[in-house]
Amino acid sequence: MAWESKLEALQDFFKELDQALIAYSGGIDSTLVAKVAHDVLGEKALAMTAVSPSLLPEELEDAQVQAQEIGIKHELVETHEMENPNYTSNPVNRCYFCKSELHDTLKPIALERGYPYVIDGVNADDLQDYRPGIQAAKERGGRSPLAEVSISKMEVREISKNLGLPWWDKPAQPCLSSRFPYGEMITTEKLQRVGRCEVYLRKLGWQNLRVRSQEDIARIELPPAQIKDFMAQIDLDELVKTFQGNGFTYVTLDLEGYRSGKLNQVLDTKTLAIHSA
């Protein structure tokens with residue numbers, strides 16, 4: 001199906017609604033959902049961004065700028081997943097507790113204002129990975145129009161580009177908690193440490209990356225094709241100094257390179273079955 005047909009299907013989704021409340025992170029997926037919702041519903045579409053330590057200040061700023069450019073009404077709401085030990089202990093289904101907090105916060109607001117449910121930016125590709133947060137949203141009646149009309153990540157970018165959205169090629173930016181191996185305790189300090197280091201590297205021009213944290217070790221992940229250029233161009237002394245200044249003791253580079261969902265490779269089939277049930 002061509003991108004025009006996928007866009008039409010997404011538009012039809014919103015034409016069936018009187019109004020829509022979107023869980024809006026500022027990522028490319030939820031931004032496309034917000035854009036189309038606003039195009040179809042106008043003032044009856046509302047984007048709400050959850051603010052917590054797991055959202056970089058720069059990402060919040062991007063979300064605000066993008067919402068303003070789209071024209072959609074935009075509100076902020078605080079979430080408190082960091083107060084839940086089921087989340088901060090970082091189990092393999094951590095994302096379930098994160099999305100539970102998100103939807104438990106947004107759903108009452110939606111119902112109070114007359115919105116039938118919360119709409120998110122889950123795309124068709126997300127259904128192929130281990131994403132326990134999707135189950136939490138479903139349990140709370142959330143809807144995922146991108147997934148429902150089978151729009152993939154690549155198609156999200158294609159549609160966004162053809163709609164003239166300047167952030168169509170924006171790198172994926174999941175919450176900062178995804179930078180920690182399962183079982184390592186998550187704290188606000190650790191989240192901020194990772195966030196500051198990623199911002200430092202992005203300001204140097206390295207956009208598609210992750211700084212994985214394992215206790216006092218930082219592991220930088222870049223697309224494999226960029227690793228040689230990174231080593232040739234980066235000021236290693238300044239890099240180490242910056243990372244250590246932010247609280248890390250050791251700084252390493254992952255020679256395998258960046259791959260989405262990489263931390264899930266430690267999970268065996270049995271574990272995934274238990275937590276997906």
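1. Helix α2 is mostly covered, since twelve of its 14 residues are buried; buried means under 20% relative accessible area, exposed over 50%, and partly exposed in between, with a 1.4 Å probe and protein chains only. The buried set consists of Ile28, Asp29, Ser30, Thr31, Leu32, Val33, Ala34, Lys35, Val36, Ala37, His38 and Leu41. Helices (H or I, at least four residues) and strands (E, at least two) are DSSP runs, numbered from the N terminus.

2. On the basis of the values: this is a predicted model, in which local features need pLDDT of at least 70 and side-chain atom pairs count only at pLDDT 80 or more, while totals for chains, interfaces and linings use all residues. Residues are numbered from 1 along each chain as its sequence is written, and side-chain values use heavy atoms, with hydrogens and water left out.

3. The 14 residues of α2 reach 20 Å from the first C-alpha to the last, close to the 20 Å expected at 1.5 Å a residue; the expected span is 1.5 Å times one less than the number of residues. Glycine 42 follows α2 and has a positive phi, near 60°.

4. The open sheet has four strands in the order β3-β2-β1-β4, with parallel pairing; two strands pair if DSSP finds at least two bridges between them. Its edge strands, β3 (73-78) and β4 (118-119), each pair on one side only. Six bridges join β2 and β3 in the parallel sense, and alanine 50 stands opposite valine 77 in β3. Helix α3 packs on the sheet and touches β2 and β3, its direction making about 155° with that of β3. Axes are lines fitted to C-alpha atoms, for helices over the stretch in contact, and angles run from 0 to 180 degrees between N-to-C directions.

5. The largest nonpolar core has 31 residues, of which Phe14, Ile22, Ile72 and Ile119 touch the most other members. Such a core is a set of buried Ala, Val, Leu, Ile, Met, Phe, Trp, Tyr and Cys residues joined through side-chain atoms within 4.5 Å. Two or more residues each come from α1 (3-15), β1 (20-23), α2 (28-41), β2, α3 and α8 (153-162); α2 gives the most, with seven.

6. Isoleucine 22 is in contact (heavy atoms within 4.5 Å) with Ser30, Val33, Ala34, Ala37, Leu46, Ala47, Met48, Ile72 and Ile119, leaving aside neighbours within four places in sequence.

7. Serine 54 lies in the loop between β2 (45-51) and α3 (57-70) and counts as buried because its relative accessibility is 8%. Its side chain makes a polar contact of 3.3 Å with that of glutamate 81. A polar contact is a pair of N or O atoms within 3.5 Å; within protein, one must be able to donate a hydrogen and the other to accept it, and residues adjacent in sequence count only if both atoms are side-chain atoms. Not counting residues up to four places away in sequence, serine 54 touches Glu81, Tyr87, Cys175, Leu176, Ser177 and Leu191.

8. Serine 150, although not a glycine, has a positive phi of about 60°; its place is in the loop between α7 (145-148) and α8, and at 43% relative accessibility it counts as partly exposed. Glutamate 215, also not a glycine, has a positive phi near 55°. Glutamate 215 is found in the loop between β5 (210-214) and β6 (217-221) and is partly exposed, with a relative accessible area of 48%.
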